[in-house]
Amino acid sequence: MRSHEAAEWWRSAVIYQIYPRSFADGNGDGVGDLAGVRARLPYLARLGVDALWFSPWYASPQADAGYDVADYRAIDPVFGTLAEAEELIREAHALGIRIIVDVVPNHCSDRHVWFQQALAKGPDSPERELFWFRSGRGPGGDLPPNDWQSIFGGPAWTRTSDPDGAPGDWYLHLFAAEQPDLDWEHPRVRREFEDVLRFWLDRGADGVRIDSAALLTKDRALTDFDPEDPPYPHPYTDRDDVHDIYRSWRAIAESYPDKRVLIGEVWLPDAQRFANYLRPDELHTAFNFAFLGSPWQADELRRVIDETLTIHAPVGAPATWVLSNHDVPRHVTRYGRADTSFNLEFRQLGAPTDLTLGTRRARAAILLSLALPGSAYIYQGEELGLEEVEDLPDSVRQDPMFFRTAGANLGRDGCRVPLPWSGQEPPFGFSTTAGDPVKVEPWLPQPKAWKDLSVETQTGDPGSMLELYSAALALRRESEHLGDGPLTWLPAPDGVLAFARGAAGEGTDPSFVCVVNLSGGPVPLPVDGTIALCSGALESGMLPDDTAAWLVR
Ligand code: GLC
């Protein structure tokens, strides 16, 4: 390991996202769990990732797949026990893999003891001050306190009944009704989450991913606004006082002798405002959603890459590169569509896609991502080239986004289908008991065609997505030029991205070059060098369209 990685490991880390419900099931109930992950740690070590980020594994009614937390210090029985989580952390560490847990501070579950007490104690009780309880408008208080809409669709307010059964106050939930928002001006809320942070850092977590990090503080006036033309500052997004919270969290992270990291889920259109979260006394890194949302076009990708590097430089934070996660359509599908961008309106779900083209581009995209300066994220299953599953029957869908929009938005279930591990038939080795595959229906059905994408099928096939990821990760680990460090653009034809890492920045010949061809036809390689890795075969010495190559010199 390079010395700067040991000290500030997150600056170059490749972080693999585990969505626990869908990674591997070790107790044969059709839902992924910690036993499944523990059994597959050797797979992750062989793949060559540096850290695992776990989407929530806490006690939860699973109204939003665990992002509705009922107890931040307990593991949901569907996933296992706290003792197993501690074992998992130890086992991963023994393999040289770090662990990042997901902390959800904007809201908790409506089954959380705080919310239950708030309901039980009734209007004006101090228990209600931890949330946003308000009386309704209109006659009888029958209308919500304001016109805010939930990010999942429908109103952001739900009415409660008083302890005597009469219609009562309303409470705010920016997401589902089962996810009441916490009031971050309350000192108890702050203290509790600082304690939760320490709870997991004390158990060996190397970092936390902070859910909905820009939403925590709200304008107490709770005024109506037009979402198409929101006021500035926004009533609940990216308000200046949210930064105080992360300053105190940073101090907690710094109080540990080894490096613990804070990673923000910060979706903001304004790149400069995004960078504010990465100031030296705040978060260490944040997901680069501008890159994830970029269409597969050379000029737009280059613009996003340049902007990313420009905004990160002054705050001294490493950039991150993300292609997919559990909230967005899988990029094999996205890159096969006419519109290859992603936006939060999910407009493209169900649009026609060419998976062969999408896969070809996804292969090039991972070589691009892993060659860029900073750290990179891999969402489980992208290393297998899984596509978005778009034909799930409505009866199996679980995402509140689907239900709260009455199906107008298909939601995120299609990227959460359980992984195929082995065998010819669903569940493709996803479920095991005592290590042996069992035939139970997974919580979401897998496409039959995934027999060709299973870990077993792809392992050892030099043309597979899995072997491309393994090879790229192995080269990245060995290379002193990849990860954090400078990037130098090289001259290249229109539609071709070419950049050097390493020595070029110091005025000598580039030692490592990445070339990505999005020009629409084959191009000669713009520099000499030995091909270390290519996302597709050269044709008559030329780099085909939608193909990337890594060159070393
Ligand atoms: C974040 C999570 C998403 C969840 C939402 C509410 O955006 O990534 O999955 O639904 O927050 O917690």
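Analyst: This is a predicted model. In the second largest pocket, H13 gives the most to the lining, with 4 residues.

User: Which other helix supplies at least two residues of that lining?
Analyst: Helix H15 (455-458) does, alongside H13.

User: How much space lies in the second largest pocket?
Analyst: About 260 Å³.

User: And which residues lie nearest its centre?
Analyst: Thr 359, Leu 384, Gly 385, Asp 452 and Leu 453, out of 16 lining residues. By class the lining has 5 nonpolar, 7 polar and 4 charged residues.

User: Back to H13. How do the axes of H13 and H16 cross?
Analyst: The axes of H13 (residues 355-371) and H16 (residues 465-478) cross at roughly 10° and come within 10 Å. That angle makes H13 roughly parallel to H16.

User: Which residues meet there?
Analyst: From H13, Thr 359, Ala 362, Arg 363, Ile 366, Leu 367, Ser 369 and Leu 370. From H16, they meet Met 465, Leu 468, Tyr 469, Ala 472, Leu 473 and Arg 476. The residues of this contact divide into 9 nonpolar, 2 polar and 2 charged. Thr 359 belongs to this contact and is also among the residues nearest the centre of the second largest pocket.

User: How many bridges join S18 to S22?
Analyst: There are 6, between residues 512-517 of S18 and residues 547-552 of S22. Phe 512 stands opposite Val 552 in S22.

User: And the sheet with 8 strands, parallel or antiparallel?
Analyst: Its pairing is parallel, and the sheet is open, in the order S11-S10-S9-S5-S2-S1-S13-S12. At the edges are strand S11 (285-286) and strand S12 (320-321), each pairing on one side only.

User: How does S11 pair with S10?
Analyst: Over 2 bridges, in the parallel sense, with S10 covering residues 261-264. Gly 264 has Ala 286 in S11 as its bridge partner.

User: Which strands does H8 lie across?
Analyst: Helix H8 (residues 242-254) lies across S5 (98-103), S9 (207-210) and S10, and runs at about 150° to S10.

Terms used:
Residues numbered from 1 in each chain as written. Predicted model: local features only at pLDDT ≥ 70, side-chain atom pairs only at ≥ 80, totals over all residues. Heavy atoms only, no water. Axes fitted to C-alpha atoms, helices over the stretch in contact; angles between N-to-C directions. Parallel < 35°, antiparallel > 145°, perpendicular 65-115°, else oblique. Contact = heavy atoms within 4.5 Å. Nonpolar A, V, L, I, M, F, W, Y, C, P; charged D, E, K, R; others polar. 1 Å grid on protein atoms, 1.4 Å probe; cavity = no way out; pocket = protein on both sides within 12 Å on 5 of 7 lines; lining within 4 Å. Points joined across faces, edges and corners; volume = space filled by probe spheres on them. Pairing = 2+ DSSP bridges.
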